[in-house]
Amino acid sequence: MPTTAKGLPMATLVWDYSREYELERKDILDAVETVFSSGRLVLGPSVASFEAEFAAHHGVAHCVGVDNGTNAIRLALQALGVGRGDEVVTVANTAAPTVLAIDAVGATPVFVDVDPDTYLMDVAQVASAITPRTKALLPVHLYGQCVDMEPLQELARRHGLLVLEDCAQAHGARHHGRVAGSMGDAAAFSFYPTKVLGAYGDGGATITDNPEVDANLRRHRYYGMEKTYYVVETPGHNCRLDEVQAEILRRKLVRLDDYIAARQAVAARYAEALADTDLVLPTTAPGNTHSYYVHVVRHPRRDDILERLKAHDIQLNISYPWPVHTMTGFAHLGYAEGSLPVTERVAREIFSLPMYPSLPQETQEHVVDALKHVLATL
């Protein structure tokens, strides 16, 4: 594996599952053996158990495991009755799958700008985005913390709207004590390997307290079948969570609080080490507990900084350099440049520092030292 000038593995500068695997290898392999020995490789006891445990963790009644986070959002929208002709209010500062899922059900995404401090949905702008066609509000709990949900829930009640939480980046995050995913009509999660709760492959889930939504989700993820494999009740999809991934997620779910604590410790070290720089460090909104899926910082000379860090064998990610409304694939939505000024300005300035539970402290120190050197010589 290539190394930096200090002999550190290059992979550790971005994300690396191998250290976690080394620590948890016995449990991961036992999870595989458990499934392979069960006689059930599809929608068996591991998926059922994980669904029950994940629902209980969030204090909701139902969880439906699916194959990825994109389909978790798409099936949730369908199960809630969102479709062609409807509008869904969300943000453009998100991963494209949030918006792709809205498009996939035939609905139209409507964007509001983000808060300049947290980069989350600016809830104060949502009311003016609601029209007679609005069916749902889709807050994205981004980077590891929650949108301000109380005023959003009040808007939803006043206008008779649904609330679907995108929790792909917020496993274990809390808002005034409530865990992300427990504050809407449904919530969608991704278990992509880099996530706070990550599988060893793709995976996703949708949770809800509504038994009708749960039943709809189960039909939609399994071809639209319910009583028997041979009868389609309503056209659906093949979006099942894999048994092996479900069993691995079961083992990791019990360690979720430990993963978050480790991420918070990494964030605290960054905060202390970079306090005397002109970087804008992450802001945690009042009432939030941040789970630090990514550690996003901000600087007006972002591109210069990233280029100069390459001389130190450091390449960092940006989440996200291109807001969804500026992508050619969504040009038909008609958002001109400048229509979401905060989102666009943030996209030009943000970048992410290495963040995962098994990040070696010496690697973090290498990044901090190089970053401080670059900032001092800009």
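This is a predicted model: local features need pLDDT of at least 70, side-chain atom pairs count only at pLDDT 80 or more; totals for chains, interfaces and linings use all residues.
Biologist: Why is K195 called buried?

Modeller: The relative accessibility of K195 is 13%. Buried means under 20%, so K195 counts as buried.

Biologist: Which residues does K195 touch, not counting residues up to four places away in sequence?

Modeller: With that exclusion, K195 touches A168, Q169, H171, S190, R263 and Y293.

Biologist: How many aromatic pairs does the count come to?

Modeller: The count comes to 9 aromatic pairs. One of them, formed by F54 and F189, is edge-to-face.

Biologist: Why are F54 and F189 called an aromatic pair, and what makes that pair edge-to-face?

Modeller: Their rings lie 4.9 Å apart, centre to centre, and rings pair if their centres lie within 6.5 Å; therefore F54 and F189 form a pair. The angle between the planes is 85 degrees, and planes over 60 degrees apart count as edge-to-face, so the pair takes that name.

Biologist: Which parts of the chain does this pair link?

Modeller: The pair links distant parts of the chain. F54 belongs to helix α2 (residues 45–58) and F189 to strand β8, 135 residues apart.

Biologist: How do you know whether F54 and F189 are buried or exposed?

Modeller: F54 has 1% relative accessibility, and F189 likewise has 1%. Because buried means under 20%, F54 counts as buried, and F189 counts as buried.

Biologist: Which residues do ring pairs link into a cluster?

Modeller: The cluster linked by ring pairs consists of F50, F54, F189 and F191.

Methods: Residues are numbered from 1 along each chain as its sequence is written. Side-chain values use heavy atoms; hydrogens and water are left out. Buried means under 20% relative accessible area, exposed over 50%, partly exposed in between (1.4 Å probe, protein chains only). Contact means heavy atoms within 4.5 Å. Rings of Phe, Tyr and Trp (its six-membered ring) pair if their centres lie within 6.5 Å; planes under 30 degrees apart count as stacked, over 60 as edge-to-face and the rest as tilted. Helices (H or I, at least four residues) and strands (E, at least two) are DSSP runs, numbered from the N terminus.
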